[in-house]
Amino acid sequence: MVDPRFPVNDRRRVLEQYATGDGLAARQAIYRHRVGPAVDLVGTAGDLLADHTADAPSSPAVADIGCGNGRYTESLRERFPAAEVTAVDLSPGILADLDGPKVVADAQDLPFADESLDAVLAMHMLYHVPDVDRALREFSRVLRPDGVLLASTIGTDHLEEIWELFSAAAGTEVRFADAENHPFNSANAADVLGASFPHVESVPMNGVLAVPDPEPVLAYLATARSFTAFSEAEFGEILLGVERALKDHFRVEETLRVRTSAEMYRCCL
Ligand SMILES: C[S@@+](CC[C@H](N)C(=O)[O-])C[C@H]1O[C@@H](n2cnc3c(N)ncnc32)[C@H](O)[C@@H]1O
């Protein structure tokens, strides 16, 4: 029996997954199919930062840790042109495509001086860090006493309908955000953050997708292989099973309804 767990903080798998931005971009593409009330994580981070820095220096120093393909970095640079926003990521490959100040670094060992930053972002990345508490201690070390950490993560039921299809095809239950394999999710994140940051406020960011055809689901799942213990052949078989199930679904339905679940946190010292 294959162990279906997704060790999402395994360093080798993280580096393999983010060697380039391709997998991340394929996963982000599924969110183009949002319906109903807007869920704007990037805009919300900017709003929270604007609230927090209203009385702060006119050119705040911000680090976007685990910036990936830079959607927060670029949005903040555009919205706050006077801010110095440094893009930080473990992966040199993913940083290569980004302009502006950037540095390859591990969240657990940051190349910033004590109390040198006004804001740290850690968006959808802390679940990849082997020692989350150590990263949080680093964030509090580099932040000024009145600085802010903005962090986000997914809920345990994020994209549940897609993982149900995957589990049915795999013949075993597979959950991306399974608490055991996903050390930082919305079920525990406030407590984990609270151990290092006395003031934690959370903003739920839940939504719905109406996916119009199988392709975005298959593209999304295809990127997850490096976080499974399935062999390439086993994973390929499972995806074929998902494809068959999706074809059956779209024979009778126009869209596949999928719930999204995330939480953003504003954390102060
Ligand atoms: C899911 S992506 C999130 C990207 C971006 N923050 C966003 O929300 O669009 C996770 C990113 O964190 C980076 N990462 C993973 N572990 C890291 C670590 N220990 N230190 C710094 N970056 C890390 C990965 O390379 C990847 O680019």
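This is a predicted model: local features need pLDDT of at least 70, side-chain atom pairs count only at pLDDT 80 or more; totals for chains, interfaces and linings use all residues.

Mentor: The chain holds 10 helices and 10 strands, and buried residues make up 41% of its 269 residues. A compact globule with 269 residues would have a radius of gyration near 18 Å, and the chain's 19 Å agrees with that. Along its principal axes, the C-alpha trace spans about 55 × 35 × 35 Å. Of the contacts with a separation of 6 or more, 77% join residues 24 or more positions apart.

Now for the helix itself. Helix 9 covers residues 214-222, and its buried residues are Pro216, Val217, Tyr220 and Leu221. Looking down the axis of helix 9, you would find these buried residues within an arc of 130°, so they line one face of the helix.

What do the buried residues of helix 9 pack against? Their partners include three helices by name: helix 2 (22-29), helix 7 (160-170) and helix 10 (232-252). Strand 8 (207-211) and strand 9 (256-260) are partners as well.

Elsewhere in the chain, the unreviewed UniProt entry carries the annotation "domain: Methyltransferase type" over residues 64-150. That stretch is 28% helix and 30% strand, with its end C-alpha atoms 9 Å apart.

Definitions and conventions
Residues are numbered from 1 along each chain as its sequence is written. A residue is buried if 20 or more other C-beta atoms lie within 10 Å of its own, exposed if 12 or fewer, and partly exposed in between; C-beta atoms are placed from the backbone. Helices (H or I, at least four residues) and strands (E, at least two) are DSSP runs, numbered from the N terminus. The arc is that of the directions from the helix axis to the C-beta atoms. Two residues are in contact if their C-beta atoms, placed from the backbone, lie within 7 Å. UniProt positions are given in the numbering used here, feature names are shortened, and annotations may be inferred rather than shown by experiment. The radius of gyration is taken over C-alpha atoms; the globule rule is 2.2 Å times the number of residues to the power 0.38.
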